[in-house]
Amino acid sequence: MQIKSDVSFENTSVAFSAKSDAALQKAHLLFSVINNPMLSTIAQALTKIALTLRLPIKGLVKKTVFAQFCGGETIEDNQGTIDELAQFEIGSILDYSVEGAETEEGFESATAEIIRAIHMSHDNPDIPFIVFKVTGIAPTALLEKIQSKTVLKPDEQEAYTRVLERVERICNKAHELNVRVLIDAEESWIQGCIDRIAYTMMKRYNKDEAIVYNTYQMYRKDMLGNLRNAFHYAALSNYWLGAKLVRGAYMEKENARAEELGYKTPIHDSKAATDADYNRGLKFCLDNKQRIALVCGSHNEQSNYYLLEMMYRHSLSPNDARIWFSQLYGMSDNISYNLAKEGYNVAKYVPYGPVRSVMPYLFRRAKENTSVAGQSSRELTFIKKEIARRKQVKT
């Protein structure tokens, strides 16, 4: 039976149903700062200086930007956020966001934490996925050498063997406990190596259903082709392709490196080209839904509407287990909450970790909100609209 959706991403009453008036005002202040490039740059610079000097600003950070975008400092701290989202039929994707470990001890600690998250997901239906970055458990420079086919020294080969063993432990535990795991996308100069690791794990653990998912950054010119090739390989090898589609998170970094090293940027020349490939990717996944499980990781309203239309055309129910919508915690609640209210599968990325350790993640979130055309102003517009609506209701 075809189910026509009446989802509206303009409904701020639903979008902010979890926020009190005070929380809404705090979000208004935060996005007002983020929306101002000068203020945002100054705030980030001062925070970096204060952290470097070990000044006591943790409390301020924790009550503002950390509270907006993160679930807590420890895995247990996330429970309040998980429960709050679950009240509105939204799942949580646990994301241990500590970056820059770069030591064997740090990599092992991160691996143990990811496996803890898998156990927590197994025990809690409100956590439908967990996610990890390969660079959280592997040296970035080593991944780059692997991708460039540089001959490794014996100690480097041993280090890479340990990387593969860590990924194997994570994916094996996920398969054992039937927990879906997303492998995040990263920079183009290491992504090929990450892809090979992801497909090895899929071939091993996705025989009956999608347990391991790879991430496709559709702002890359070659990514639609990569997605199609990944599907054909999965079909030939008789396993499910788990595919999370995002637009991409490293545009400035990718373009700067391409210019510095004198090669053509892998990033699309326009947002329109990225949007077109993103939607083509969604269509491709639904056209091959007999072998692809999809996570639509998008803050773009039109792409989410497009996926709703594709689901309608394919006569899929909103809660079809093969299709999930996902946005970052603290952003695009107008999309997440309205989709969930209509019965679609929705999960928020919920980053967590010690305040100081997740600051690189938070700086990136602030920078992306400032640089992505209209993102923070769009958030601010919806917040203002809901504040005005509530005032009108009270008068």
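1. Asp-21 counts as partly exposed because its relative accessibility is 35%; buried means under 20% relative accessible area, exposed over 50%, and partly exposed in between (1.4 Å probe, protein chains only). The model is predicted: local features need pLDDT of at least 70, side-chain atom pairs count only at pLDDT 80 or more, and totals for chains, interfaces and linings use all residues. Residues are numbered from 1 along each chain as its sequence is written, and side-chain values use heavy atoms, with hydrogens and water left out.

2. The side chain of Asp-21 forms a salt bridge with that of Lys-394 at 2.3 Å, N to O; the term denotes a side-chain nitrogen of Lys or Arg within 4 Å of a carboxyl oxygen of Asp or Glu. Asp-21 lies in helix H2 (residues 21–35) and Lys-394 in helix H17 (residues 375–394), so the bridge ties together parts 373 residues apart in sequence. Helices (H or I, at least four residues) and strands (E, at least two) are DSSP runs, numbered from the N terminus. Lys-394 is exposed, at 60% relative accessible area.

3. In total, the structure holds 30 salt bridges. One of them joins Lys-145 and Glu-156 at 2.4 Å, N to O. Here Lys-145 is partly exposed, at 29%, whereas Glu-156 is buried, at 15%. Another pairs Asp-275 with Lys-271 at 2.7 Å, N to O; both residues lie in helix H13 (residues 271–287), 4 residues apart, about one turn of the helix.

4. Helices H7 (residues 104–122) and H9 (residues 154–176) have axes that come within 9 Å and cross at roughly 10°. Axes are lines fitted to C-alpha atoms, for helices over the stretch in contact, with angles from 0 to 180 degrees between N-to-C directions. H7 is therefore roughly parallel to H9, a label for angles under 35 degrees. Contributors to the contact (heavy atoms within 4.5 Å) include Phe-107 and Ile-114 of H7 and Arg-166 and Ile-170 of H9.

5. The largest nonpolar core has 83 residues, of which Tyr-216, Leu-241 and Leu-245 touch the most other members. Such a core is a set of buried Ala, Val, Leu, Ile, Met, Phe, Trp, Tyr and Cys residues joined through side-chain atoms within 4.5 Å. Helix H10 (residues 188–205) supplies the largest share, 10 residues. Apart from this core lies another, of 36 residues, including Phe-16 and Leu-30.

6. Ser-298 is found in the loop between strand E6 (292–297) and helix H14 (301–313). Ser-298 counts as buried, at 1% relative accessibility.

Key:
Angles under 35 degrees count as roughly parallel, over 145 as roughly antiparallel, 65 to 115 as roughly perpendicular and the rest as oblique.
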